[in-house]
Amino acid sequence: MLHTVNKSPFERNTLTACIGHALPDSAILLIEDGVIAAVSGTAHEDTLRQAMNGRKVYVLGPDLLARGLSTDKVVEGVDVVDYEGFVELTEKHDKVQAWV
Amino acid sequence: MSEPWEDEGPGEVKKFMYVNRKAPYGTIYALESLEVVLIAAAFEQDVSMAFLDDGVYQLKKGQDTQQIGMKNFSPTYRALEGYDVEKLYVEAESMAERGLTEEDFLVPVEVMSRDDLARLMDEQDVILSF
C-alpha cells in the first residue's frame, strides 16, 4: 500500500495517524504541506524517523521547492521524487490511501 | 464643494495585526492574508504582521513554485515596505521548532519571543487571523 500525507505535522496529526496504520513494507509519500515533515532539524524529525521504521518514505520535490525547502536538507534515507516518480509509486502499489 | 467623505480627515488610527499561522501553497490562507493587508494599506492604519507556527514558512527564502504551477507570491512580502507595512514579527519558538534562523527569511523581520508576541497581541485594537 502507498500512503500519502498532505498536511504539516505541526498543523495536524495525519502523519502520526498514518504511521499507526501503515504496515511494514508499505510506502509513505509526503506531498503538499506534508513535505515539511521530511526536513531535518525540525521538532518533528522523530515523527519522521518513526515513519521510516520498516517503511520507505518518499517526498515530492516540487512541493519542497515551492516552499523554499532545499532537497539537501531532507532527512537521509528519504527519497525525493518528482511527479513522474509519484505516478510510478501509484503504479507500483496495488492501493493508495490518502491521509487527508 | 468637497464630498462628504473628504471632510472626515484621517480619523482614529487603530492598531491592526494580521496573524499568519499557515504554510504557503497548501492552503489559500497565506495569499488571502497578503491580499487583505495590501487592500487595507489604503486606509492608513497602524498595521503589523505576525508570523507564527507554520506561518513562518511564508517568509522562507528561495521559494520556487514553477513545478507546482502556482504563483510564487513570496516577492510580495518585500513590497510591503512600499505600502507602509514595515512591522513584520516572527515568533522565535516557531522558528526554532522548524530548524530555521533569521537568515532563512526573505525580508528583514523582528524575531520575538512567544511571551512578547502575546503582549503585543494584547495591545492591538483589531486582530485578523489567517
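**Exercise 1. Determine against which elements the buried residues of α1(A) pack.**

Solution. The buried residues of α1(A) pack against β1 (2–5), β2 (27–30), α2 (45–52) and β5 (96–99) of chain A. The model is predicted: local features need pLDDT of at least 70, side-chain atom pairs count only at pLDDT 80 or more, and totals for chains, interfaces and linings use all residues. Residues are numbered from 1 along each chain as its sequence is written, while chains are lettered from A and ligands numbered from 1 in the order in which they are written.

Step 1. Helices (H or I, at least four residues) and strands (E, at least two) are DSSP runs numbered from the N terminus. A residue is buried if 20 or more other C-beta atoms lie within 10 Å of its own, exposed if 12 or fewer, and partly exposed in between, with C-beta atoms placed from the backbone. Contact requires that the C-beta atoms of two residues, placed from the backbone, lie within 7 Å.

Step 2. List the residues. In helix α1 (residues 14–21) of chain A, Thr14(A), Leu15(A), Cys18(A) and Ile19(A) are buried. Seen down the axis of α1(A), these fall within an arc of 140°, so they line one face of the helix; the arc is that of the directions from the helix axis to the C-beta atoms. Gly20(A) and His21(A), on the other side of α1(A), are exposed.

Step 3. Orient the helix. α1(A) lies across β1, β2 and β5 of chain A and runs at about 165° to β1(A). Axes are lines fitted to C-alpha atoms, for helices over the stretch in contact, and angles run from 0 to 180 degrees between N-to-C directions.

**Exercise 2. Describe the sheet of chain A.**

Solution. Step 1. The open sheet has 5 strands in the order β4-β3-β2-β1-β5 (chain A), with parallel pairing; two strands pair if DSSP finds at least two bridges between them. At its edges stand β4 (79–81) and β5 of chain A, each pairing on one side only. Direction ignored, neighbouring strands of this sheet are turned by 25° against each other on average.

Step 1. The parallel strands β1(A) and β2(A) are joined by 4 bridges. Thr4(A) stands opposite Leu29(A) in β2(A).

**Exercise 3. Derive the arrangement of chain B.**

Solution. Step 1. Chain B holds 4 helices and 5 strands, which follow one another from the N terminus as β-α-β-α-β-α-β-α-β.

Step 1. The strands form an open sheet in the order β4-β3-β2-β1-β5 (chain B), and the pairing is parallel. β4 (110–112) and β5 (126–129) of chain B are at the edges with a single partner strand each, so one side of each is left without a neighbour in the sheet.

Step 2. Strand β2 (residues 46–51) of chain B is linked by 4 bridges to strand β3 (residues 87–91) of chain B. The bridge partner of Ala50(B) in β3(B) is Tyr89(B). Helix α1 (residues 29–40) of chain B packs on the sheet, touching β1 (15–20), β2 and β5 of chain B, and its direction makes about 165° with that of β1(B).

**Exercise 4. State how many residues of each chain take part in the contact between chains A and B.**

Solution. Step 1. On chain B, 19 residues are in contact with 17 residues of chain A.

Step 1. Of the chain B side, 6 are nonpolar, 6 polar and 7 charged. Here Ala, Val, Leu, Ile, Met, Phe, Trp, Tyr, Cys and Pro count as nonpolar, Asp, Glu, Lys and Arg as charged, and the others, Gly among them, as polar.
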